[in-house]
Amino acid sequence: MQTRPVSDILYREDLYPRLKPDAATIQRYAENIEVLPPIEVNQNNILIDGFHRWTAHRKAEAESINVTVTVTASEAEVYALAIKRNAAHGIQMNEADKKQAAIRLYGAGTGLDKAAIADVLSVSSRSVSGYLSDVERQRREEESRRIYELWMACYTQQEIADAMG
């Protein structure tokens, strides 16, 4: 555990899974900052876990905050870790947050399959399939449209297969 200036912590809304902060929790934490566990940041001070604790420190005008540093290789990893931490403790993500996170992880090229996304979100694979049903339908329709366009442009079956991977 380390201590960092509160002002050095970087909150990136695009890398945080919750849609809305909880004002009552922030107030309660601000009144008890001396007993709060450390927040989690990466090597660049980007917040991974502890938005409410960090916000409480800011509200209480604290100068420093205890942190645990986790080295990350990418922003996608920061986002996945933030989701996993929020799914495991503290104020849980609601269903809308989880659906948004599943769609983002699936579409962002993170390399995570449905089972891995389910693990990150602490939900069943069935829930992830439900979250992603519209996305997958749109991808299938786009793929069919692209194949039809190539066929209409007189591409051979092999050329279409090569173009579509």
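Guide: Rings of Phe, Tyr and Trp (its six-membered ring) count as a pair if their centres lie within 6.5 Å; planes under 30 degrees apart are stacked, over 60 edge-to-face, and the rest tilted. The model here is predicted: local features need pLDDT of at least 70, side-chain atom pairs count only at pLDDT 80 or more, and totals for chains, interfaces and linings use all residues. Residues are numbered from 1 along each chain as its sequence is written, and side-chain values use heavy atoms, with hydrogens and water left out.

Visitor: Which residues do ring pairs link into a cluster?
Guide: Start from tyrosine 11. Leaving aside residues up to four places away in sequence, tyrosine 11 touches Tyr16, Leu47, Phe51 and Trp54; contact means heavy atoms within 4.5 Å. Ring pairs join a cluster of Tyr11, Tyr16, Phe51 and Trp54.

Visitor: Where does tyrosine 11 lie?
Guide: Helices (H or I, at least four residues) and strands (E, at least two) are DSSP runs, numbered from the N terminus. Tyrosine 11 and isoleucine 48 are 37 residues apart in sequence, with 8.5 Å between their C-alpha atoms. The place of tyrosine 11 is the loop between strand S1 (2–5) and helix H1 (23–30).

Visitor: How many residues apart are tyrosine 16 and phenylalanine 51?
Guide: The structure holds six aromatic pairs. Tyrosine 16 and phenylalanine 51 form a tilted one, 5.6 Å centre to centre with 45° between the planes. The pair links distant parts of the chain: tyrosine 16 sits in the loop between S1 and H1, phenylalanine 51 in helix H2, and the separation is 35 residues.

Visitor: Are tyrosine 16 and phenylalanine 51 buried or exposed?
Guide: Apply the cut-offs. Buried means under 20% relative accessible area, exposed over 50%, and partly exposed in between (1.4 Å probe, protein chains only). Tyrosine 16 and phenylalanine 51 are both buried.

Visitor: What is the centre-to-centre distance of the aromatic pair tyrosine 148 and tryptophan 151?
Guide: Both residues lie in helix H6, three residues apart, about one turn of the helix. The pair of tyrosine 148 and tryptophan 151 is tilted, with 40° between the planes and a centre-to-centre distance of 6.0 Å.

Visitor: Which residues make the nonpolar surface patch of about 390 Å²?
Guide: Patch members have over 30% relative accessible area and no salt bridge; like charges are joined within 9 Å, nonpolar side chains (Val, Leu, Ile, Met, Phe, Trp, Tyr) within 5 Å. Areas come from the Shrake-Rupley method with a 1.4 Å probe; for residues, only the protein chains shown count as cover. Tyrosine 148 is at 49%, tryptophan 151 at 53% and methionine 152 at 48%. The patch consists of Tyr148, Trp151 and Met152.

Visitor: Is histidine 57 buried or exposed?
Guide: Histidine 57 lies in helix H2 (residues 51–59). Not counting residues up to four places away in sequence, histidine 57 touches Val6, Ile33, Leu36, Ala62, Ser64 and Ile65. Its relative accessibility is 7%, so histidine 57 counts as buried.

Visitor: How many residues apart are glutamate 75 and arginine 12?
Guide: A salt bridge puts a side-chain nitrogen of Lys or Arg within 4 Å of a carboxyl oxygen of Asp or Glu. Glutamate 75 and arginine 12 form one, with closest N and O atoms 2.9 Å apart. This pair joins distant parts of the chain, helix H3 and the loop between S1 and H1, across 63 residues.

Visitor: What is the relative accessible area of glutamate 136?
Guide: Lysine 114 forms a salt bridge with glutamate 136, at 2.9 Å between the closest N and O atoms. Lysine 114 is in helix H5 and glutamate 136 in helix H6, 22 residues apart. Lysine 114 is partly exposed at 25%. Glutamate 136 is buried, at 18%.

Visitor: Why are aspartate 134 and arginine 137 separated by about one helical turn?
Guide: Their side chains meet in a salt bridge of 3.9 Å, N to O. The separation is about one helical turn because, in helix H6, aspartate 134 and arginine 137 are apart by three residues.
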